[in-house]
Amino acid sequence: MTVTCLTPSEISAFLKAPVAISYRFKCTPLAKNMELKSKNNQILSTKLRPPASFSQLVERERLMGKIPEQNLPLLVLVCAPAGFGKTTWVRQFLQARNLAFAWLSLEPADSSPQRFFRYITASIRKDNTDFAEDLYRSLCSTAVLSVEYIIETLINEIAMVDSKIMLVLDDYHEIQDEVIHQGVSFLLDHAPDNFSLIITTRSDPNLPLARMRARQQLLEIRAQDLRFQDDELAQYLSSLPLPLHDLPSETLKRLNNKTEGWIAGLQLALVTVETAKDLQILLDSFDGQDRHVMDYLTDEVLSRQDESSKAFLLKTSILSRMNASLAAAVSEIATAEDILLDLERRNLFLFSLDAKRQWFRYHGLFADLLKHQLARSGPNAVRDAHLRASVWYREQHMIEASVDHAFAAQAYEVVGEIIDEHGVEMIRQMQGPLLYQWGRKLPSTKDFPFSPRRLFLLIMSAMVAGNLAESTWLQYARDILVSTEARTQDDIDLEAMLLCFEAMVAIQGGEFDQAMIAIVKIETHMQSHEVSELLANIATFGGGITHYWSGQITTAIKLLQRVEGALLRARNAAMYFPAFVNLIAAKLLKGDLESAEMLLQKTYSDMENLSWLHSVGHGWWAFANGDVTYEKNRLSEAKAHYELAAQLTQYSPTNSICLLANARLVEIAAHTQEANADLASRVLNQEHKPNVSFIAGEFEWRMIELLLTLGRLDEAEDRLAQTGVSLEDESPRVCDERLYICLAKLAIYRHRAATAWGMLKRLSDTAAGDERLRLGLEQQFLQALVLLAQGKTRQAKERYAEVFDRATQLGCVQFLLQALPGAGSLLQGALATADEGSVPAQLRQYQPPTVPGEASPLSEPLSPKELQVLSLLVKGQSNADIAKHMFVSNNTVKTHLKHIFSKLNVNNRSQAIVQARAHRLLDA
């Protein structure tokens with residue numbers, strides 16, 4: 001495909017042309033109509049007001065009567081195609097009822113969670129100045145907040161307002177982001193009594209409408225409701241300055257049938273009418289079903305305008321909103337302000353967006369028609385208008401809007417210049433994914449040359465966005481470096497970026513030898529050349545991860561500590577939290593729980609000082625805290641941390657943290673009476689979208705551990721087989737140690753413990769010393785179980801005693817409580833001989849767990865009622881579900897469960913299910 005774009009010389013000539021009228025034109029400066037928060041976080045105040053109504057309004061009591069006077073429904077959905085008067089009617093309804101409301105006019109740029117909720121908060125604050133002040137300040141900063149926190153804060157803040165909060169979201173069809181839909185759904189599900197939402201949209205939104213209908217929380221106004229009826233059409237015509245108030249009823253019906261009650265079509269048609277005779281001619285030629293109707297009406301409307309107004313209408317049709325300065329720059333007409341006011345006065349489908357009549361927008365359908373005519377007026381007409389708009393927005397530091405218009409103009413070099421100028425700052429402000437999207441929209445490198453700096457920024461954006469398959473950019477960068485003899489600083493940075501990218505690809509693929517080679521090259525490169533701080537941090541981060549997965553934990557901790565401090569000083573949250581989580585993981589692997597807990601406390605204080613407590617990064621912190629407390633077997637604390645981690649990261653584009661946190665929650669639930677079968681199913685079946693710092697293996701072994709904990713041994717075995725590891729492997733890779741441990745556990749569960757001995761011995765040889773002390777202890781723990789299974793009781797107890805003493809000193813006791821054959825008897829023996837004061841409380845309270853797949857003898861048979869409860873329990877039903885099914889109380893179900901657990905010699909639901917299957921209690 002051939003791509004048409006402006007050359008640098010064409011752009012230069014274009015920018016030198018006398019089009020910058022806004023410099024000479026006296027108009028209200030942009031800043032006076034904006035609440036400027038930062039260069040990238042403007043609040044356009046005109047979006048917070050409903051557009052001005054046309055002077056001719058029809059009192060539509062028929063529609064007013066559909067909404068009750070009292071107790072407005074939670075959601076009023078006004079859904080109809082373009083031109084049916086949705087916005088006009090909502091404003092009319094609010095005015096007629098004298099209701100206070102918060103208004104937000106939406107556009108495509110609002111399909112970003114941070115921006116969307118920033119505007120919602122601003123709209124409510126317009127008349128409630130104290131509303132959600134801390135949240136609003138955070139939303140206007142560069143911090144990226146979790147959607148969960150934003151929504152929960154909004155709900156709590158709304159609940160504290162004494163008066164009714166009625167929020168209007170106009171043109172909700174512009175919102176395409178699924179995270180926003182989920183957030184609005186959560187708001188509706190948990191809304192306080194003093195909240196109502198009105199949505200206007202061209203299509204049904206992705207919200208829980210069916211559920212709300214069933215709960216009678218939804219009122220719907222559809223196209224059939226909004227269509228003019230004959231009496232309403234007569235009322236409308238009587239208000240016009242035209243001799244049409246005495247039309248026969250047959251003519252009225254004919255006109256309404258022709259337009260099918262379509263208000264915008266009716267208005268467009270009547271613009272051409274001056275007499276009743278004109279109306280008859282129009283009715284004879286007008287066909288509402290004809291695909292050429294829109295073109296016909298546009299021609300008729302435009303033919304009544306003078307040349308200046310016509311040119312103005314066509315050129316400014318590309319703008320979603322405009323003030324006089326922007327309109328003058330795009331139309332190249334100095335009298336833009338006069339034309340805008342004249343068009344509004346004549347009701348020519350132009351809406352005033354503010355009380356001072358400084359910002360305007362066209363009716364959406366009318367704008368579409370004008371744009372169609374603009375495209376027909378000349379081959380470059382649309383492109384030139386977009387390019388002038390891009391220039392104006394760029395001068396106002398509104399970069400996203402400038403880029404949007406530059407793309408529409410196919411002015412790719414302008415986009416490239418903006419990337420060069422703002423790319424680094426965008427990455428620092430966590431806008432790397434947006435930068436990456438811009439790069440993906442540029443033509444291929446074959447048709448459009450990329451400078452070294454541009455390639456550097458785009459490759460970096462791909463890396464921070466987690467997209468590591470940009471082969472085109474990478475190859476083009478390599479070609480440039482090969483063909484360049486004299487190296488500039490941009491070339492040097494690009495070469496370092498390629499090495500960083502190469503290391504990250506290798507890390508994500510588990511190829512740590514290749515990653516280490518790339519890291520060494522980066523270090524050599526940085527010794528010879530000066531590179532940016534951002535690059536240096538990426539290189540150090542990659543080095544830390546590579547050494548971690550290569551088993552060199554001391555070196556990994558040193559590098560991760562260095563980059564953690566640098567990223568904190570640079571306020572780079574996007575990279576800081578992955579580095580922090582990996583650092584905690586390294587400290588846990590080394591058995592240094594005390595240092596890990598100190599780091600957690602320090603980081604919490606840092607997050608508080610940097611206003612990161614409600615960011616997605618806080619979810620990463622909570623996950624790391626969950627791992628530390630889980631390792632100490634403080635399960636209630638760990639559960640709270642994991643729940644917070646899952647909540648704060650559930651809307652993240654990468655789901656590693658959310659899935660891993662939920663997996664731990666399932667494991668913790670396996671020790672309680674309310675195991676969460678639904679959550680386990682979601683975790684095990686959901687597609688993994690990894691973050692660059694979590695490679696395959698970290699995720700995989702945790703999922704296999706979960707299956708082993710749940711007693712789903714066949715599934716665990718199948719999943720292990722897919723990894724390619726085997727107990728027969730002579731040279732196990734360090735990065736696969738966790739998978740080999742899972743293999744050993746499976747062999748012990750299957751009563752084939754002896755087959756695991758050789759692998760455990762090879763693993764303990766590689767983990768000798770303090771580098772991976774925690775992992776070494778677990779390997780020795782499994783060796784003790786193998787010795788016990790082989791009848792070598794004395795050696796087993798001696799080996800276990802060493803593990804027990806060291807583990808209790810370090811505080812990492814969770815693995816000692818695993819439900820593996822023989823583990824309980826060894827632990828009880830160690831507890832009997834240990835000094836009570838040195839044993840952690842978690843171990844002193846130990847009760848022997850039931851081993852998955854291992855049937856213990858029944859103390860007495862289960863009664864028919866108990867068997868019925870057990871069968872429902874196996875199906876995953878909750879206590880409340882079982883009570884409802886059996887027509888008994890919750891307390892009765894709890895009593896049955898208590899007897900079932902006692903007879904099966906188990907402590908929780910998961911163990912009861914395992915025992916039921918082992919004893920074949922439900923086969924009948």
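Rings of Phe, Tyr and Trp (for Trp, the six-membered ring) are paired here if their centres lie within 6.5 Å; a pair is stacked with planes under 30 degrees apart, edge-to-face over 60, and tilted otherwise. By this rule the count comes to 19 aromatic pairs. One of them is the pair of tryptophan 89 and phenylalanine 93, which is stacked, at 5.6 Å centre to centre and with 15° between the planes. The model is predicted: local features need pLDDT of at least 70 and side-chain atom pairs count only at pLDDT 80 or more, while totals for chains, interfaces and linings use all residues. Residues are numbered from 1 along each chain as its sequence is written, and side-chain values use heavy atoms, with hydrogens and water left out.

Helices (H or I, at least four residues) and strands (E, at least two) are DSSP runs, numbered from the N terminus. Is tryptophan 89 buried or exposed? Tryptophan 89 has a relative accessible area of 2% and is therefore buried, the term meaning under 20% relative accessible area, with exposed over 50% and partly exposed in between (1.4 Å probe, protein chains only). Phenylalanine 93 counts as buried because its relative accessibility is 1%.

Tyrosine 548 and tryptophan 549 make an edge-to-face pair, 5.1 Å centre to centre with 85° between the planes. Tyrosine 548 is buried at 11% relative accessible area, and tryptophan 549 is buried at 8%. Elsewhere, one aromatic cluster is formed by Tyr576, Phe577, Phe580 and Trp612.

Rings also take part in contacts with charges. A charge sits over a ring if NZ of Lys or CZ of Arg is within 6 Å of the ring centre and within 35 degrees of the ring normal. The charged end of lysine 47 is placed over the ring of tyrosine 119, 4.8 Å from its centre. Lysine 441 lies over the face of phenylalanine 407, 4.4 Å from the ring centre.

Two packed helices are described by the angle between their axes and the distance between the axes. For helix α35 (residues 698–709) and helix α36 (residues 713–723), the axes come within 8 Å and cross at roughly 160°; axes are lines fitted to C-alpha atoms, for helices over the stretch in contact, and angles run from 0 to 180 degrees between N-to-C directions. α35 is therefore roughly antiparallel to α36 (over 145 degrees; under 35 is roughly parallel, 65 to 115 roughly perpendicular, and the rest oblique). The crossing of α35 and α36 is left-handed, that is, the near helix is turned anticlockwise from the far one by less than a right angle; clockwise would be right-handed. Residues making the contact (heavy atoms within 4.5 Å) include Phe699, Met703 and Leu707 of α35 and Leu713, Ala716 and Leu720 of α36.

Next come two loop residues. Asparagine 98, in the loop between α3 and β4 (102–105), has a phi near 55°, a positive value in a residue other than glycine. Asparagine 98 is exposed, with a relative accessible area of 69%. Aspartate 171, in the loop between β5 (165–170) and α7 (178–189), has a positive phi of about 65° although it is not a glycine. Aspartate 171 is buried, at 18% relative accessible area.

Arginine 664 lies in helix α33 (residues 656–669) and is buried, with a relative accessible area of 11%. Leaving aside neighbours within four places in sequence, which residues does arginine 664 contact? They are Asp627, Tyr630, Tyr642, Trp701 and Arg702.
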